[in-house]
Amino acid sequence: MSFDGFPPFISAQLQYLLAHYPQLIKVEQVWSGSKYFPGSLDRFTLLIPYCLDYLRWDIIYNVEFPLAAPDVIFGPEDENFHPFHDLGGEGGDLRLVKNSLTDWNNKDPARLLALIEELRDKYMSYQKKRVGEVDDDRLKFEISTILSREGIEMHMSSGVEKAEEVKFAVPLMDMNINKMVLACPWRHPQRIYLQVVYPVGRKYVSAPSAPRLKLMSTAELKALFSIDDVKLPPWLDGMCLAEYLPHLEQLLQRQVSEAVSLIDVRRRFIEALAPLFGRPLEADPVFCRKATFLSASGPFTLLVHFFLSTQFPKQQPSLMLQSTQHFNSHGAPAKSPLLNDYPWSPRWEVSQMAERVFDFLVDESVNFKRQCNESQLQH
């Protein structure tokens with residue numbers, strides 16, 4: 001994002017936060033709160049990852065008093081979240097505890113990062129305390145069996161128009177997926193999570209219904225492995241989360257390892273196209289999901305774009321032809337629709353796959369040339 005309009009000390013702290021926060025943190029909106037310097041931005045909303053969702057916190061600096069620490073406004077559901085107060089003394093009076101704001105230094109670019117990390121840690125403890133106070137025997141049992149797992153986050157939600165429920169974000173598999181991918185481009189660690197949502201009840205039920213389960217992952221992981229293709233194991237009657245997780249993790253470990261091995265299969269397929277089309281003009285060197293070749297049919301020259309899914313070779317590549325000589329009414333190069341209807345078998349050898357695709361495109365390029373010429377005449 002652009003940091004134009006922020007005073008230098010706010011810009012430095014915000015840039016440091018976005019560059020060094022261990023997860024992908026976002027800035028939703030920015031504005032000015034000064035009537036004397038209306039063009040100077042000093043307020044913004046942060047989207048902070050938590051429990052497979054985002055916390056929206058407003059960070060309020062005061063450009064007219066740059067030495068002052070910022071205020072933080074939490075979400076409307078968190079009016080009871082008081083991170084820097086503690087019950088102390090015999091009367092149980094609230095007292096202020098030492099924190100990231102007590103010795104604020106506006107010249108230190110790392111101070112905003114330290115503040116957000118401290119607040120998020122306290123928010124995690126706050127939500128854990130709320131969930132632990134829920135009067136639900138089944139929920140208490142589930143919590144007692146999984147709390148030993150590292151990285152679990154939980155959130156208690158309630159409202160006038162919706163029933164109370166507890167959401168868990170459970171990180172799965174102790175695997176460093178980043179290190180499994182050669183020349184990995186990912187800046188943040190890639191993880192897969194199980195979202196578990198329990199409705200809050202007031203009585204223990206001998207055979208409670210299954211919780212709502214959903215697999216989620218970091219967005220970049222889709223370049224390697226799509227969790228949408230994973231079929232969750234069934235939740236058996238009487239099962240608890242501690243029993244369910246090992247089976248799910250074994251399934252995911254096998255599928256992630258297979259997804260990594262398929263990178264090499266896609267790479268060998270692209271390499272097998274080179275003797276037929278020549279060296280690719282462009283190719284995805286890490287995940288081998290895309291490649292573009294220059295081809296010719298007589299005097300007609302075209303680009304052939306290959307798009308390979310993470311399910312290749314079970315799923316055949318999508319192809320697109322693009323003319324270098326014909327243009328549409330908007331001046332853009334003419335393109336064919338994505339082509340998927342051609343002979344394909346995942347049991348073929350990689351070289352055979354490449355030859356079959358090449359044979360198909362020899363005929364298809366003639367049809368594409370005719371279509372381009374007819375379209376050009378109409379324009």
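In the predicted model, 17 residues of domain 2 are in contact with 13 residues of domain 3. The C-alpha centres of these two domains, domain 2 and domain 3, lie 39 Å apart. The domain assignment of the protein places domain 2 at residues 134-267 and domain 3 at residues 275-377. Domain 1 is assigned in two segments, 1-78 and 106-113.

A sheet of 4 strands was examined next. The sheet is open, with the strand order β7-β8-β9-β10 and antiparallel pairing. Its edge strands are β7 (153-157) and β10, each of which pairs on one side only. Neighbouring strands of the sheet are turned against each other by 20° on average, with direction ignored. In general, the strands of a sheet pair through backbone hydrogen bonds, in either a parallel or an antiparallel manner. Strand β8 and strand β9 (residues 192-199) run antiparallel and are joined by 8 bridges. Within this pairing, Phe-168 stands opposite Val-196 in β9.

Two helices pack on the sheet. Helix α2 touches β7 and β8, and its direction makes about 60° with that of β7. Helix α3 (residues 137-146) touches β8 and β9, and the direction of α3 makes about 20° with that of β8.

Empty space in the model was then considered. Rolling a probe the size of a water molecule over the atoms shows where such space is left. The largest pocket has a volume of about 1,100 Å³. Its lining comprises 42 residues, and those nearest the centre of the pocket are Gln-23, Leu-52, Arg-191, Tyr-193 and Thr-218. By class, the lining consists of 21 nonpolar, 8 polar and 13 charged residues.

Domain 1 and domain 2 each contribute at least three residues to the lining of the largest pocket. Among the secondary-structure elements, at least two lining residues come from each of β2 (43-50), β3 (53-60), α2 (111-132), β8 (165-172), α4 (177-180) and β10 (212-217). The greatest contribution is that of β10, which gives 4 residues to the lining. Strand β10 is also an edge strand of the sheet described above.

How values were computed: Residues numbered from 1 in each chain as written. Predicted model: local features only at pLDDT ≥ 70, side-chain atom pairs only at ≥ 80, totals over all residues. Heavy atoms only, no water. 1 Å grid on protein atoms, 1.4 Å probe; cavity = no way out; pocket = protein on both sides within 12 Å on 5 of 7 lines; lining within 4 Å. Points joined across faces, edges and corners; volume = space filled by probe spheres on them. Nonpolar A, V, L, I, M, F, W, Y, C, P; charged D, E, K, R; others polar. Domains from an automatic or database assignment. Pairing = 2+ DSSP bridges. Axes fitted to C-alpha atoms, helices over the stretch in contact; angles between N-to-C directions. Contact = heavy atoms within 4.5 Å.
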